Amino acid sequence: MALSRRSMMLGTAATGVAAATLAACTGGSSGGSGGSDGGSGSGEMIFANTTEPENPLVPTNTGEVGGGRVVTSIFAGLVYYTADGKAENDLAESIESDDNQHWTIKIKSGLKFSDDSDLTAQSFVDAWNFGANAANAQLGQYFFEPIEGYADLSKEDVAADAKLPGLEVVDDTTFTVQLVSAQSDFPNRLGYSAYMPLPASAFDDIEAFGEKPVSNGPYMVDSWTHDKEIVLVPNPNYDGPRKAKNSGITFVVYDSDETMYNDLLADNVDVIDQIPTSQLQNFESDLGDRAVNDPGAVFQSFTLPGYDSNFEGEAGALRREAISRAIDRKSICDSLFFGTRTPATDFVAPVIPGGGATDIEGADVLEFDEAKAKDLWAQAEAKSPFKGPLTLAYNADGPHADWVEAVCNSLKNTLGIEANPTPFPAFGEMREQIRARKLMGTWRSGWQADYPSMYNFLGPLYGSGAADGNGSNDGDYKNPEFDQLLSDGLAAESEDEAIKIWKQAEALIMRDLPVVPLWYQNTFGGYSSLVSNVEYGWDTVPLYYEITK
Amino acid sequence: MIWYIVRRLLQMIPVFLGATLIVYLLAFAASGDPILTLAGDKPISPAVEQQLRAQYNLDKPVIIQWLIYLGNVVRLDFGVGFNGRPIADQIAAAFPVTIRLAIIAVIVETVFGVIAGVISGLRKGKLIDTTLLILSLLVIAVPTFVLGFVAQFILGVKLGIAPINVGRDPSWQNLLVPGFVLGAVSFAYVLRLTRTSIAETVGADHVRTATAKGLSRGGVVTKHILRNSLIPVVTFIGADLGALMGGAIVTESIFNIPGVGTLLFRSINAGEAPMIVSLVTLLVIIFLLSNLIVDLLYAVLDPRIRYAK
């Protein structure tokens, strides 16, 4: 690459003595690997940002975005997601059910993994059984929850070879899935990485497999130099809707957002999906047309736990509404985030079908209204005085300090109460407190969907089944009426019907405010002057296979 | 002399034990529940959680965890990180990078610092002395990250003569700019130390005698002034080597260098105690070794210092 040749010139020119000594020590470590040939794609290799995957590249064990973007590039599941969050068939021929509970899945015939081994219905069933069995300790294990038999596989002393009774292979291209209960959005789930198929060879040594997986998606791993880069080349055995339009992807590991951004300015990296906080103000003017700032799939809020006596009963309800109305979301989004956040109008991010709705009943509680907020707070005080100060906890190892401060100031100024940001040094520490239900006051909460469905923003966060430590309903919100609407939606005839029912469910939490919605995080990033056809997926990750260079 | 070295090396054993224990306790106390950090915002079923805890020995008391760790380290097994890679491999990948970076920084601060310090010390009060002093003041006053970002932006983005992302290929050439940035502050200190020390020695009796004997100016400066002035400078550089290795985190993060600082930062965030302890212990050992070398150098620089048994 030109880059290292030029930098070598600097080495000799800049410093007489030092460079001469150093040059003698230089080994053969020159230049990046550049474009690796092979594969069926056309055009050039594109460069994209990532962080070092936190786990080996095993689909059921990859939940974070650094490994996730690689896994979804090298594996293909039954369905894939279009840019606007619609699930379309990838390997599946059909996914059908009469009752939303018993599903028959047919896959295309003649499918192969990158090592030419056959991909059959068994490849799916084996992979799902592996992921669902707690003995394998996969982080994506919870994702198999809807399938019959999940509960037994989640017991602490589960046998290593136990399987999901809800899965049955009919023939090479057909298998059936029995769910615990009806779920109309089940097909929507199937594009998530946990549901990818695995070749039989994977299970011999899953860790070794994860270092260089045999895969079935648009790309396959060519090399993975830890902490530096992951090079993917097109997989000649993949012939689906996501076929690569470039000759590969080099994922460059960036620990520093600033370096990544500077590399983009110098066209050293082609597409990034993160902008450093320091550049939020000017990235759109720096990059012009090549800046991306669209609605995203992340919902941010803060939780007012049901077990804090301040937020209980009638006074609690008034207080929740007062707090929500006391926050000037728009001015925080504009002045602090420079328009890379969008004020929330509901509980579901806007890229999700049905999300970002502006017609939820009672949504005016999300509007800034100083007089009304003061009035509601006074009414609450009259019923039962607030035992303050109000605290808003956050983890200081993430970029939260600024907005937490701003929200607290908003509360202070509007309600005239003491509101204090409460930092925890590490995310794990805050989780520990929340899980033990020891954290009183409020805390920041957020949700990035695993798959594009309204249900994923509602069920796991506010459903009674996920309360009391059984899921992510950390504030222990329980409302039978809400639960009923959730399951009605799951049993609905069509997606439109389901969305209509879930919007009614949203109206309930809009009234009860188990969390105070703040804003949706946009998809923001940018691309270099060398590439075209850049589009970002519903999950804020670019659709790499479409990019041409 | 040999006995002295052996004794010093033996002293490192209790330091090693103490450092690992203290760091283990701190790592355990500081970073919250590592398994919950691993799961992030997502739910984790109790069975999976228990499996993971057992896998990383997190279900045992801290002291037992530490003893298991020590037992493994004696057999040179540092364990496996949360990312499934052996800790020894990760450290082996990160250390050479940081060592290269630190060596460049030390060369920069020593060569430039001593030369500038000598010039400054010999021309005390002259224009060049004042200029160098102001320069060093500037370097000390500007924080490393500002210097780093400016260097990256001007040399990398604007001029395109240095790599922006050093991490993809942390070779000697590519590490030059980060090395200069890392060594800059110490350069200023070395300059000032050398200057003061030289200025003192210039007026000393033995220097006047040497000059009176008719030695050349160069001979007087190198043999009589410089050698005698270097003890405080060597002390500083020796201690600085350890500090540069552990303290390179800012420079490493600006240039995206996958070195010790980056690894340490990541493992502290993840609450990965075995990794934190291994890294910190290695840094402690490097610190002790560089101090030992400094002590031995005293004897070379000043014949009056001798190490007996």
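Trainee: Which residue is the bridge partner of A:Ile105 in S7(A)?

Mentor: In this predicted model, A:Phe175 of S7(A) is the bridge partner of A:Ile105.

Trainee: Why are S4 and S6 of chain A said to stand at the edges?

Mentor: The open sheet has four strands in the order S4-S5-S7-S6 (chain A), and the pairing is antiparallel. Strand S4 (92-97) and strand S6 (167-171) of chain A each have a single partner strand, so one side of each is left without a neighbour in the sheet. On average, neighbouring strands of this sheet are turned by 20 degrees against each other, direction ignored.

Trainee: Which helix lies across S5, S6 and S7 of chain A, and at what angle to S6(A) does it run?

Mentor: Helix H4 (residues 121-132) of chain A lies across these strands, at about 170 degrees to S6(A). Angles run from 0 to 180 degrees between N-to-C directions.

Trainee: What makes the crossover from S14(A) to S15(A) right-handed?

Mentor: Strand S14 (residues 390-395) and strand S15 (residues 419-424) of chain A run parallel and are joined by six bridges. A:Tyr394 stands opposite A:Pro423 in S15(A). Between the two strands, the chain passes through helix H13 (residues 401-415) of chain A, and this β-α-β crossover is right-handed. The term applies if the path over the helix runs clockwise with the strands pointing away from the viewer.

Trainee: How many residues of each chain take part in the contact between chain A and chain B?

Mentor: Chain B contributes 58 residues and chain A 67 residues, with contact requiring C-beta atoms within 7 Å. Among the elements that each supply at least two residues of the side of chain B that touches chain A are helix H5 (87-122) and helix H12 (260-270) of chain B. H3(B) gives the most, with seven residues. By class, this side of chain B has 29 nonpolar, 23 polar and six charged residues.

Trainee: What is the helix content of residues 99-120 of chain B?

Mentor: That span is 100% helix and 0% strand, with its end C-alpha atoms 30 Å apart. An unreviewed UniProt entry lists residues 99-120 of chain B under "transmembrane region", and residues 132-155 are also listed there. Residues 132-155 of chain B are 92% helix and 0% strand, with end C-alpha atoms 23 Å apart.

Technical notes: Residues numbered from 1 in each chain as written. Chains lettered and ligands numbered in written order. Predicted model: local features only at pLDDT ≥ 70, side-chain atom pairs only at ≥ 80, totals over all residues. UniProt positions renumbered as here; feature names shortened; annotations may be inferred. Contact = placed C-beta atoms within 7 Å. Nonpolar A, V, L, I, M, F, W, Y, C, P; charged D, E, K, R; others polar. Pairing = 2+ DSSP bridges.
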